[in-house]
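Have the sequence and the model open side by side. The tour begins where two chains meet and then takes each chain in turn.

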Amino acid sequence: MDILVCIKQVPGSNNVEVDPVTGVLKRDGVKSKMNPYDLYGLELGLSLVERYGGTLKVITMGPPQAKDAVIEAICMGAKEGTVLTDRKFAGADVLATAYTISQGIKKMGNFDIIICGKQTTDGDTAQVGAEVSEFLSIPNVANVLSVEKIEDGKAVLVASLDEKVVTMSVKMPCLISADGDINSPRLPSFKVKQQVTEDMIKFVTFEDFEDKNPDNYGLSGSATQVERIFPPEKNTEKCVIDGTAEQQAEKLSAILRDRKIV
Amino acid sequence: MYNKITDDDIKLLCTIAGEENVLSGDAISPDYGHDELGGIEKMPEVLVRVHKTEEIAQIMKLAWEKTIPVTVRGSGTGLVGSAVPVEGGILLETTQMNKILELDKNNLTVTVQPGVLLMELAAFAEENDFLYPPDPGEKSATIGGNISTNAGGMRAVKYGVTRDYVRELTVVTPKGEILVLGGKVAKNSSGYSLKDLVVGSEGTLCIITEAVLKLVPLPKVSISLLVPFPDMKSAIEAVPQIIRSKVTPTAIEYMSRDTILFSESYLGKKFPDTKNDAYILLTFDGNTDAQVEEDMKNVAELCLEIGALDAYIVDTEERKKAVWSARGAFLEAIKASTTEMDECDVVVPVDKVDEFIKFTHKLAEETGVRIPSFGHAGDGNLHVYICRDQLNNDEWEDVLSKCFDCMYQKAKELGGLVSGEHGIGFAKKEYLKELLGETPISLMQGIKKVFDEKNILNPGKICF
């Protein structure tokens, strides 16, 4: 069983500021971490390797320092990882990102299951997984809660479809997006961190790809353009309700009715 | 002896505190007759929800004049019956006095009313880029309660306990006089430290109505390490070696697989690792990544050298939440795993922790009773629980008394004390007498008499 998990490095805090002029996230001086949703995918993949054998690798796209996310994945149990990094990849929207990752995956070899997190905590689009599967022409299942079993070249999955939970059988190779909070991701091992070597992390650039048409990557390969990024309006208004429990309940109820919340 | 409360007294209390804040008889919820664990139940005759220092002063004048016992209660999260009105009388609830009054950024202090919850104070400090270091597991306790028990918590290894952060207290004496003890000052050699005497006095000397607490700048970086060991013996034996390494972690907690599994079942949430029998959980904090990572690396390497199976890095908000929320739920989780339990909150010198834990394991084997434990390995304060499980009442009382006698005797032998942070209250006073001996107890009784010669404030606790 060969598994690939797609991971992304995101800002380490949920309170990253947006530059009001350029609309770009202020990443300078902000620590990075692995996208929390990818951790569920990684844990799902590692548990499959424990059950069925095989290896798990990871792939990420980003600046060279995105290798830290790969090291973290290795500390959690991945065998090795690839960083797709090139200035030509910069400014990619979901389409160009998905295309770049699909090219990277082709370069890495064949996998039985490719796992993505549900979404990232910085982009929140939840589209890259599905688009990668499209570029690779393999089936895709989103919101996967668990993998029940793997047999006869098929994976039996449980996935959440809004109000329904469905069990389905999917032919491998396939790409699945793990839902959030489906497991308790294991912690990175300090012992393994001491043993990480350079050859476990591979850097792949534009020049390494089969498709060398620059119009398919980065800003020029993007179908969409972000006009403006702005933080949601914050309401810091606070209201402290005093009085006995009964008085507080009455006042709260009046406020909720007044604002037409109930 | 004490007088019962009359209808006239209730009318006077209503005049002082407002009719809506005075409850009597069946109107008082049974919750006010006990705390979380103290093993003692007694309802107050009257419950008064107080709002102001002056109100409390008037109530105390009335109680003093009429010789009515008064007990103070915060959130009721105590574990030794301190807030249980064992003589009936008036129960003063301070939870309505829950305002944060001032943040003094020049003197690094915060002024609070006693009913502010620990979690509210912690969040307020953090929002303002400060840290209020005392960090007991029970975050819904009030600050008044924390000061009254000199609560400790997980960060005591590096930062000390509540007493170290109390600068000034406004109190009401049993006679109804309002006093300010200590001051917003960093040093104080001005006679006997009455403020420090009130800290940890469990509401027996006077009533805390306002507190000025010291804050420290919020450390910018913190990382925890979860270190698995093959067994509890090797885990506990590693602690003195970590301390000798001169790196000062903020916290050093020990926990067994069993306790983690109780917590998983209680919270309905899997812990990130349960493959090993014993764990030490450490935290390091500081202002730079380089410094904190260096400390973490040194301790991780040391742990691996002395037999740890690995050292897991707990570095993000999500990972910290997964690990520390389980740790915070241990008490409730053990409670939920049995029919009844009682607790021993001993503190022993740090280099005797392993000996004490091994002793509790032997005791569990000898008595056939389950004795899970967890606690602050880094400061010697252990939380050891005797679980009743399926024992009948007589068996339970027998085994409980035997276990407590043995454990407090052992603590004494090792140079330890009865309570590290939960206090003495009603439940542990016999053990305090046994461990301290006659003279210290009579000194305590003398101090109590100077403050409260009628013994109306929280009677029947600590040394009486």
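This is a predicted model. Start at the contact between the chains. Chain B puts in 17 residues, and chain A puts in 13 residues. On the side of chain B that touches chain A, the elements giving two or more residues are α9 (289–305), β15 (312–314) and α10 (317–328) of chain B. By class, that side of chain B has ten nonpolar, one polar and six charged residues.

Stay in chain B and go to its four-stranded sheet. The sheet is open, and its order is β1-β2-β4-β3 (chain B). Its pairing is mixed. Neighbouring strands here are turned by 20 degrees against each other on average, direction ignored.

Look inside this sheet. Strands β2 (residues 46–49) and β4 (residues 90–93) of chain B run parallel, joined by four bridges. Here B:V48 stands opposite B:L92 of β4(B). Two helices pack on the sheet. Helix α1 (residues 7–17) of chain B touches β1 and β2 of chain B, and its direction makes about 155 degrees with that of β1(B). Helix α2 (residues 53–66) of chain B touches β2, β3 and β4 of chain B, and its direction makes about 170 degrees with that of β4(B).

Next comes a helix pair in chain B. How do α12 (residues 353–367) and α13 (residues 393–413) of chain B cross? Their axes come within 11 Å and cross at roughly 155 degrees. Angles over 145 degrees count as roughly antiparallel, so α12(B) and α13(B) are roughly antiparallel to each other. Their crossing is right-handed. From α12(B), the contact uses B:F356, B:F359, B:T360, B:L363 and B:T367. From α13(B), it uses B:V399, B:K402, B:C403, B:C406, B:M407, B:K410 and B:A411. By class, the contact of these helices has eight nonpolar, two polar and two charged residues.

Now cross to chain A. Here an open sheet of nine strands runs in the order β9-β8-β7-β10-β6-β1-β4-β5-β11 (chain A), again with mixed pairing. Its edge strands are β9 (164–171) and β11 (201–204) of chain A. Neighbouring strands are turned by 30 degrees against each other on average, direction ignored.

Strands β7 (residues 140–151) and β8 (residues 154–161) of chain A pair in the antiparallel sense over six bridges. One bridge partner to find is A:V156 in β8(A), which faces A:K149. Finally, helix α1 (residues 36–52) of chain A lies across β1 (2–6), β4 (55–61), β6 (113–117), β7 and β10 (174–178) of chain A. This helix α1 of chain A runs at about 150 degrees to β6(A).

Technical notes:
Residues numbered from 1 in each chain as written. Chains lettered and ligands numbered in written order. Predicted model: local features only at pLDDT ≥ 70, side-chain atom pairs only at ≥ 80, totals over all residues. Pairing = 2+ DSSP bridges. Axes fitted to C-alpha atoms, helices over the stretch in contact; angles between N-to-C directions. Contact = placed C-beta atoms within 7 Å. Parallel < 35°, antiparallel > 145°, perpendicular 65-115°, else oblique. Left-handed = near helix turned anticlockwise from the far one by under 90°. Nonpolar A, V, L, I, M, F, W, Y, C, P; charged D, E, K, R; others polar.
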